[in-house]
Amino acid sequence: MLGILANRTYRKLFTAQVIALLGTGLATVALSLLAFELAGNQAGAVLGSIFGIKMVAYVLISPVAAVITARLPRRPLLVTLDLLRAATALGLPFVTQVWQVYVLVFLLQSASACFTPLYQATIPEVLKDEEQYTKALSLSRLAYDLETLLSPALAVALLSLMSWHGLFIGTMAGFVASALLLLATTLPVPRANGQGSFYQQVTRGLRVYLATPRLRGLLALNLAVACAGAMVIVNTVVMVQARLGLSERHTALALACFGAGSMMAALALPLLLKRWQERTLMLSGGLCLVAGLLAATGMQSLMWLLLPWWLLGIGYALVQTPSGRLLARSAHAEDRPAVFAAQFSLSHACWLLAYPLAGWLGSALGLLPTLVLLAAIALAAVLAAARLWPAVDAGGLYHCHDDLAAGHPHLAGGPPCHVHPYVIDDLHTRWPG
């Protein structure tokens, strides 16, 4: 897997991603401490609002940003967004009111909503070989999982040397380092698709996404992932410390088991994808999520939580990691930023639904009913994905162009009915029946 780092361009992009992730992880810890300083016992409400602002920014900003930035040079744009994130992080230690935190967090997450889909859409253009791209997806998944383990440890080490305000300096340094690496990288310049009104361009990624059966299946699986992930993130501390009466160390251990399962699956995926198609593995991952949630209902000890959480980590990575392959395969190069932005927006809409469900249901009904209800939603989502995503999803599709003149370049002098790999675009607006 590490062999793809021999590609100089991808090596710089991946290094920039890792450094920025560490900076983001430090910001997560620092925001918790900032919320406590400003709001005291109401810090939980402040953090909940911060998290909601983050999701709203991701859902609303990403599709619009994909259109506005489509014609801008990619490298300067990514560098500018990193510097904007750095400047915003630098302002956070100086706030004195909660509303100021909300404004700066919205700016920070809006920049991330512009940056992340564009970055993700760039990788398949740098690594055009699907096998190499698969390894890059697995490596990216590992980076996310390792960040959840390393960032808190790094924060603890830094807090022994400085106040928590200094963590935001680390965040700023991470974004600046990422910008410098991107500045030294040569990126491809795809042709932007600028046809249609502004509204049509904003919705283009969504229209391509929702018109593609495999991506409709991916959207359903996004909901299953969000249900399981929200349960882990929101309720692990409740299950470990309130229900089992254990310590913070055991909470960290449970979260580490989830991360370990995710890393194991990510490491295995390049080999698994040589044997099985994405559909098989991703639906299997969805069933792992359902099984993990149901298995956790029998929790009587820490071990009976660690095993389901490990299974949830496996399912999480089996669904999440290959999704980039589906997105890259389902759009032309000029439409990829819009389609990746659609995935970014729609997947976070699922999280925006799942987070309150996991929190409110857990408080109102209790943990066991919440596990069962979220498992039921996840199962329905997996079954919907199996129905929406055709079992035969490879090779070309037979279709006809009755609306094209005989001399149209797309027909290349051939008949109006032909077979080729099918992608939704201006000439192919509907999926063949």
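How much area do domain 1 and domain 2 bury between them, and how much of it is on carbon and sulfur atoms? About 2800 Å² is buried, 73% of it on carbon and sulfur atoms. Buried area here is the accessible area (1.4 Å probe) that two parts lose on being put together, summed over both.

## Basis

This is a predicted model: local features need pLDDT of at least 70, side-chain atom pairs count only at pLDDT 80 or more, and totals for chains, interfaces and linings use all residues. Residues are numbered from 1 along each chain as its sequence is written, and side-chain values use heavy atoms, with hydrogens and water left out.

## Two domains

Domain 1 covers 1-192, and domain 2 covers 205-390 + 417-432. These bounds come from an automatic or database domain assignment. The C-alpha centres of the two domains lie 21 Å apart. Domain 1 puts 35 residues into the contact and domain 2 puts in 34. Contact means heavy atoms within 4.5 Å.

M55, V59 and R141 supply 18% of the area that domain 1 buries against domain 2, more than any other three residues.

Three salt bridges are counted between the domains. A salt bridge is a side-chain nitrogen of Lys or Arg within 4 Å of a carboxyl oxygen of Asp or Glu.

On the side of domain 1 that touches domain 2, α2 (43-68), α4 (98-126) and α5 (130-159) each supply at least two residues. The largest share, twelve residues, comes from α5. Helices (H or I, at least four residues) are DSSP runs, numbered from the N terminus.

T134 is found in helix α5. T134 counts as buried because its relative accessibility is 4%. Buried means under 20% relative accessible area, exposed over 50%, partly exposed in between (1.4 Å probe, protein chains only). Leaving aside neighbours within four places in sequence, T134 is in contact with P270, L273 and R325.

## Salt bridges

The count comes to eight salt bridges. E278 pairs with R329, the closest N and O atoms being 2.5 Å apart. E278 lies in helix α10 (residues 278-295) and R329 in helix α12, so the pair ties together parts 51 residues apart in sequence. E278 is buried at 7% relative accessibility, whereas R329 is partly exposed at 27%. A network of salt bridges links E130, E278, R325 and R329.

R85 and D82 also form a salt bridge, with the closest N and O atoms 2.7 Å apart. Both residues are buried.
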